[in-house]
Amino acid sequence: MAHRLSRNELANTRQTIKQYYDQAQELSTKINNLKELRSQATEGHVIADFDQTITELLAEHGTVRHLCAEIESKNSPMHALPSELLSLVMEAHVRANHHSPWALIAVSRHWRAVCMSTPQLWSKIHVQISVPWKTDARSFSPNFPHGLVCDNQTGLGVAIARSAAVPLEVTLELGHDPLNTQLLDILCGQAGYRWQHAHIIAPHTPLSFIGAWKKLEVSLPNLHTIGFSQSCDQPMIRLLLSTIHTTSPNLHTIRVDTGLFFSCLHDFQGQFKSVKYLALQGQVALSEGAATRAAWGKLPRVEILVLRNQDFSPFSNAPPFLEALRALSAIGLRLDGLPNVCDRLKCLTHVYLASVHPLDTEFEPNSIHLAGVTHLTLINPTYAPLRWFSLPLLEYLELRGSTMGKADANDEIELIWNPETFGKAPSPSRVFHFEPRANDAYILAAFRFLDGLENLYLYLDSLPPHDSKVLASLAVVPKRKIVAGGPPALKKWRSPTCPGLQKLVLICKSGLQRDAGLVAEMLDKIYRARLGTGSELGRPTLLTGIKTCVDNKAALLLQYNH
């Protein structure tokens with residue numbers, strides 16, 4: 001624990017600080033007086049005496065100020081922070097900013113002790129195997145996106161020792177020969193059982209590495225996640241696939257950013273039945289055909305599938321894990337073949353779609369029938385893809401990212417929600433995150449089909465005008481006859497627009513404080529209009545200056561049940 005000053009120590013410290021401040025003030029007065037006398041002196045030896053005296057007083061003044069600052073630091077809140085909390089702050093800082101714990105060690109003796117006794121600060125390491133040998137333990141940069149850069153056995157030994165027994169997050173980067181076998185032995189032979197997350201960068205895997213790996217009989221029994229970078233070559237992928245298949249029973253996540261992965265997976269004898277989470281980034285050579293279907297067959301139990309910037313849709317090959325799939329995230333993806341496999345997606349509940357790849361031929365309206373989906377996020381320049389879906393159990397809908405003009409937005413909103421599509425169009429029963437681009441009249445017409453909505457979040461570029469029809473429709477008050485009937489009559493009254501609404505939030509990217517006050521009054525009017533009625537809701541919220549980020553929801557889905 002950090003040392004906390006007692007009341008007596010605190011009083012004495014404050015008294016000492018005051019004495020030092022008074023002394024410093026007195027020295028400053030003397031120095032100013034001497035400088036004034038010096039300016040009036042004419043004889044050389046007198047000026048020299050003044051200069052010497054002033055120099056001595058300035059040195060003494062600096063010493064007093066330094067002592068004062070040193071004592072004040074003992075009274076700072078950071079000094080009184082318990083070691084346990086300081087450790088958590090350090091860990092959060094290092095993880096969020098990719099900074100080196102070596103920089104934290106240099107702050108103070110107390111910080112050094114806390115840093116040295118916090119294993120999590122040393123558990124993320126970036127090991128460079130095939131580089132010239134070095135001996136300096138701190139041969140890494142201040143910033144380390146992949147972890148502490150260890151390119152010598154001394155540095156790696158320090159990181160392994162200080163990380164104690166906590167799980168390791170390892171980035172293994174392999175270059176050209178000569179191979180540092182001692183690094184490999186420390187990392188894999190001695191600490192392989194502690195690997196929990198691994199990221200592999202290996203553009204050229206030398207035969208000596210493969211031989212040394214097999215000689216060590218590397219075992220990774222606690223590995224949960226493995227990622228293959230874009231530069232991974234086939235020998236490394238095959239070697240890792242063989243190792244994790246035989247020694248990693250707890251592996252549940254594979255992240256792929258290389259086009260060679262599926263060809264290696266196709267040739268591999270065996271299945272990865274424990275893998276539940278699969279993320280494919282970039283050109284990973286997905287294509288139609290028997291070879292791709294055979295590769296998919298090696299991952300029979302994937303429940304969360306994340307696809308980004310793929311030229312081919314995996315649904316064209318009907319992967320065997322479709323029955324088990326519970327969450328799908330697709331960014332920049334073609335949806336070919338999806339309508340044909342809907343009946344197999346019985347467990348799918350969460351879908352995130354962003355920048356949907358344009359199709360040569362549009363899907364028929366409501367042709368993608370996903371009976372179990374409860375959450376859909378669509379971040380797209382147009383609303384059009386929403387028309388393709390039929391989602392009878394939809395509870396949560398997020399519709400954002402539109403860049404359309406008002407005319408086009410009006411047309412698409414009208415095509416999605418109209419009397420002919422009633423009961424077919426995706427209509428959230430609980431939560432709606434919406435970035436409206438259409439005119440108020442079209443938005444209100446759409447709201448008529450969302451009677452069960454409980455939570456409404458509206459994302460606006462700027463504050464709504466004072467005559468907003470949407471806000472005015474939400475603020476409709478009961479007629480006098482109903483008000484005269486007292487509380488029982490009011491409880492039976494329902495608002496004509498979103499009668500079940502319980503929460504309303506406006507998120508505006510920009511807006512003047514003056515205008516924000518007017519909007520706040522409009523929101524208060526909505527609250528008071530519904531107070532005590534059957535459509536009563538909590539106080540609406542106005543957020544301004546919020547720069548919404550579409551990737552936040554993507555990250556949320558990627559972590560879904562994971």
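The structure is a predicted model, in which local features need pLDDT of at least 70 and side-chain atom pairs count only at pLDDT 80 or more, whereas totals for chains, interfaces and linings use all residues. Residues are numbered from 1 along each chain as its sequence is written, and side-chain values use heavy atoms, with hydrogens and water left out.

**Helix 10 and its surroundings**

Helices (H or I, at least four residues) and strands (E, at least two) are taken from DSSP runs and numbered from the N terminus. Helix 10, residues 234-247, has 14 residues and reaches 20 Å from its first C-alpha to its last, close to the 20 Å expected at 1.5 Å a residue, where the expected span is 1.5 Å times one less than the number of residues.

Threonine 205, in the loop between strand 4 (195-201) and helix 9 (207-216), touches Leu174, Ile210, Asp233, Pro235 and Met236, not counting residues up to four places away in sequence. Contact here means heavy atoms within 4.5 Å.

**Loop residues compared**

A residue is buried under 20% relative accessible area, exposed over 50%, and partly exposed in between, with a 1.4 Å probe and protein chains only.

| Residue | Relative accessible area | Class |
|---|---|---|
| Threonine 205 | 11% | buried |
| Glutamate 303 | 18% | buried |
| Histidine 98 | 30% | partly exposed |
| Glutamate 217 | 67% | exposed |

Glutamate 303 sits in the loop between helix 12 (290-296) and strand 8 (304-308). Glutamate 217 belongs to the loop between helix 9 and strand 5, and its phi is near 50 degrees, a positive value in a residue other than glycine. Histidine 98, in the loop between helix 4 and helix 5 (101-105), also has a positive phi, near 55 degrees.

**Cavity and pocket**

On a 1 Å grid over the protein atoms alone, a cavity is a set of points where a 1.4 Å probe fits but cannot get out, a pocket is an open set with protein on both sides within 12 Å along at least five of seven lines, and lining residues have an atom within 4 Å of a point. The structure holds 1 cavity of 30 Å³ or more, and about 60 Å³ of space lies in the largest cavity. Its lining is formed by Glu91, Val94, Arg95, His98, Gln120, Leu121, Lys124 and Phe144, and helix 4 (residues 83-97) gives the largest share, 3 residues.

The second largest pocket has about 450 Å³ of space. Of the 21 residues that line this pocket, the closest to its centre are Lys406, Pro436, Ala438, Asp440 and Leu460. Strand 16 gives the most to the lining of the second largest pocket, with 3 residues.

Note on methods:
Grid points are joined across faces, edges and corners, and a volume is the space filled by probe spheres set on the points.
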